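Let's take a walk through this structure together, with an eye on its charged side chains.

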Amino acid sequence: MDFSINKKSEKIKEVNVFSDGDSSEMSTWSNIPYFFTKTLIEKGIKVNRIDISPNIIFQRLFNLFVWRILNKYKKGHFYTYLRTKIHFYDVNRKIKRAVKKYNKADVNIFISFSHSSKQFDKRPVILFCDWTINYYFTYFLQRQPDILERQSLLRQDREIKNSDLVVSLFPGVAKYMENYYKGSKVLYLGNVVNSELSVSEEDLIHIKSISKDILFIGSKRYFEGANILIECFSFLQKEIPGLRLHIVGMKEGDFSHIPPNVTCYGYLDKGVDQQRAIYYELLSNARVVVNTTPKWGAFSSTIEAMYFYCPVITTAYNEFVETFGSEITFGYYGDAEDKQQLCLLLKNIFLDKSYEKMCREAHKAVEGFTWSAYIDKLLIRADELI
């Protein structure tokens, strides 16, 4: 079913899109710049891709002489090279050069909340991202920024306040930003599934209904969720013969112990054909996708799995509940620290007679999250700025 509005932009014919990395590459920031620009082009809009990624030499020097010292005295410090004034000035230089070169664009779009062209160019500015530095400190770190971290936060605040439209991928973040940035135009337009593949309900549900594969997707930051899942898997192997666990985003060396029938793939780059094929084979074969890491359960990969008719086990973290509700029909919410509960929920996935219904409900919950529909909604808002 096509959920796009199919309303061609009346005013937007050409756009400048700034991203941290090459937006023509699928591997750039969770595939989002790739799908964002690709969909604009498919809708007949000329896209000027501008890469504002950090200067490699400056970044290496910073990591060698500054980051190492900062991290020695304060573990988990947020002040990376991306947050420095040097990087900010370097990006501004690139922006200034780009808006002069591509002077026929109707609007400047930044896949970032930290940069803007407002001080160099009169054209409307749209900022598109996930969350702000302030939100990250408030929700994830739950601490006040230090003097260095606060400088990058204030720079981002200034860029957001001076922009014409600010779009967050998450409803709770959008509400937070709307309250924090009084008077700024902040919107939530839904979310998106980052997949180019069409899926077959009949084929996938048949595969999943006989599958013994459990799938976890997440980098090292999701270690806590992966570790408890491994413990549950070791226990369930005795009760469910043939059970297999696939971990994408981490390697065997990241864990102290890996039991039999657990495969760790490390990071799978969808920009590489072979790795992309493995990734989608895992999504297609998985009986369930699990990530019960507290506060954040790898939202993007979870909804992509749901698009592939895959039920989920996750925690009831803010943005997932804001998006899908406090009760879900396509899996279970679990307690991040309750290993016994997770084992029971996993057994339910293999024993529940309504499993196939769960699969259909998972896909149904995200089938409207198409890039075509999303860009249509964004362009309607962009037209209002011209």
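Where is the place of aspartate 20? Look in the loop between β1 (14–19) and α1 (32–42); helices (H or I, at least four residues) and strands (E, at least two) are DSSP runs, numbered from the N terminus. This is a predicted model, in which local features need pLDDT of at least 70 and side-chain atom pairs pLDDT 80 or more, while totals for chains, interfaces and linings use all residues. Residues are numbered from 1 along each chain as its sequence is written, and side-chain values use heavy atoms, leaving out hydrogens and water.

Aspartate 20 is partly exposed, at 39% relative accessibility; buried means under 20% relative accessible area, exposed over 50%, and partly exposed in between (1.4 Å probe, protein chains only).

Now for the salt bridges, each a side-chain nitrogen of Lys or Arg within 4 Å of a carboxyl oxygen of Asp or Glu. The whole structure holds 17 of them. In helix α3 (residues 85–101), aspartate 90 and lysine 94 sit four residues apart, about one turn of the helix, and their side chains form a salt bridge (3.8 Å, N to O). Aspartate 90 is buried at 7%, and lysine 94 is buried at 15%.

Glutamate 149 pairs with arginine 143 in another salt bridge, with the closest N and O atoms 2.8 Å apart. Here glutamate 149 is buried, at 0%, whereas arginine 143 is partly exposed, at 27%.

Finally, find lysine 220 and aspartate 254, whose side chains meet in a salt bridge (3.4 Å, N to O). Lysine 220 lies in the loop between β7 (213–217) and α8 (223–236) and aspartate 254 in the loop between β8 (244–248) and β9 (262–266), so this pair ties together parts 34 residues apart in sequence.
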